[in-house]
Amino acid sequence: MINDIKTVFSIKDLENLSGIKAHTIRIWEKRYKVLEPMRTDTNIRMYNLSSLQKLLNITLLHEYGYKISKIATFSEEKIQESVREIISKKNSQNYAINSFKMAMMNFDQEIFFNTFDLLIAEKSFKEVFKENFLPLLKELGLLWQSQTISPANEHFMSHLIRQKILIYTEGIQILKPTKTHKVFVLSLPLNEIHQIGLLYLQYEILLQGYKTIYLGESMPIENLEDITRHFSTITFVTFMTVQPDRTNVNQYVKTMEQKLLLKNNEIWLMGKMTEHIDRKNLSQRTFIFDSIEETINKI
């Protein structure tokens, strides 16, 4: 519902979104008047979207050497102008992430696309994902856990990132594979819906010249077993972010190994739930990776 969209923020929300401690924000407010909070009937500070955007810009300027006493003398236009100068000269990673946050909080696709276009003019998609999207996604998870953002905010941003991955994936998916000795099959366990990491891994695997078969979310092991009848050497890739849960994950992996590890097949596992896997009993052809970067190095 539109009424659930967050437009007013506590000082704790500002701390979570900007990385500036609440104590410091209060000092900047009191000493330098850089923000003008609203007050509740019980005198609790609250902030609107404009205050959030201003704080994110001030944070960037401060990180690039501007003293807060100097920033406090700037008009709103001067702050924005100084931020633009940093972007043009230094291609600031933090600016891009803060812009994506503002796009998310405002449900503003235009901010997202403009920020992405600025980045992609200077970097490859691989660099944008690694330097901007990955840190942003990790931060979104923490912001959601702390209830700083709503599921609607997180879903909005995740969809836009997923859309970009699909666009860039299609550009290389049409090319004929140059490495044909094995196939990568990418899927998620039953009731697992977090696809972004898996989608990006497909992009990286395709870049390396391999054939991929993307099956997506909630794929039963029995259906994965069907694929073994069509290809002789398969690497099965999956993320376990929330499923299977910690009480079932070891049996799930054991079943995967029994049904899928034929001939030279391998299983690659990632995600938070892999922390609960008993690694002592794993097959030598089952691999657990702690990060997307580590997985990419194995391709």
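Visitor: By class, how many nonpolar, polar and charged residues does the lining of the second largest pocket have?

Guide: Happy to walk you through that! Keep in mind that this is a predicted model. The lining of the second largest pocket has eight nonpolar residues, seven polar ones and one charged residue. Its volume is about 280 Å³. There are 16 residues lining the second largest pocket, and those closest to its centre are Gln 53, Asn 57, Val 83, Tyr 95 and Ser 99. If you trace the chain around it, you will find that α3 (49-63), α5 (76-90), α6 (93-106) and α7 (109-120) each give two or more residues to this lining. Now zoom out to the domains. Domain 1 (1-89) and domain 2 (91-174) both contribute residues to the lining of the second largest pocket, so this pocket lies between them.

The axes of α7 and α9 come within 11 Å of each other and cross at roughly 40 degrees. An angle of that size makes α7 oblique to α9. The crossing of these two helices is right-handed.

The largest pocket has a volume of about 1,400 Å³. It is lined by 34 residues, and Leu 137, Lys 138, Gly 141, His 194 and Thr 241 are the closest to its centre. Helix α8 gives the largest share of this lining, with nine residues. Sorted by class, the lining of the largest pocket has 14 nonpolar, 11 polar and nine charged residues. Here too the domains tell you where to look: domain 2 (91-174) and domain 3 (175-298) both give residues to the lining, so the largest pocket lies between them.

Before you go, here are two backbone details to find in the loops. Asn 191 sits in the loop between β4 (179-187) and α10. Its phi is near 70 degrees, which is a positive value in a residue other than glycine. Further along, Pro 244 is in the loop between β6 (234-239) and α12 (249-260). The peptide bond that joins Gln 243 and Pro 244 is cis, with omega at about -10 degrees.

Definitions and conventions. Residues numbered from 1 in each chain as written. Predicted model: local features only at pLDDT ≥ 70, side-chain atom pairs only at ≥ 80, totals over all residues. Heavy atoms only, no water. 1 Å grid on protein atoms, 1.4 Å probe; cavity = no way out; pocket = protein on both sides within 12 Å on 5 of 7 lines; lining within 4 Å. Points joined across faces, edges and corners; volume = space filled by probe spheres on them. Helix = DSSP H or I, 4+ residues; strand = E, 2+ residues; numbered from the N terminus. Nonpolar A, V, L, I, M, F, W, Y, C, P; charged D, E, K, R; others polar. Domains from an automatic or database assignment. Axes fitted to C-alpha atoms, helices over the stretch in contact; angles between N-to-C directions. Parallel < 35°, antiparallel > 145°, perpendicular 65-115°, else oblique. Left-handed = near helix turned anticlockwise from the far one by under 90°.
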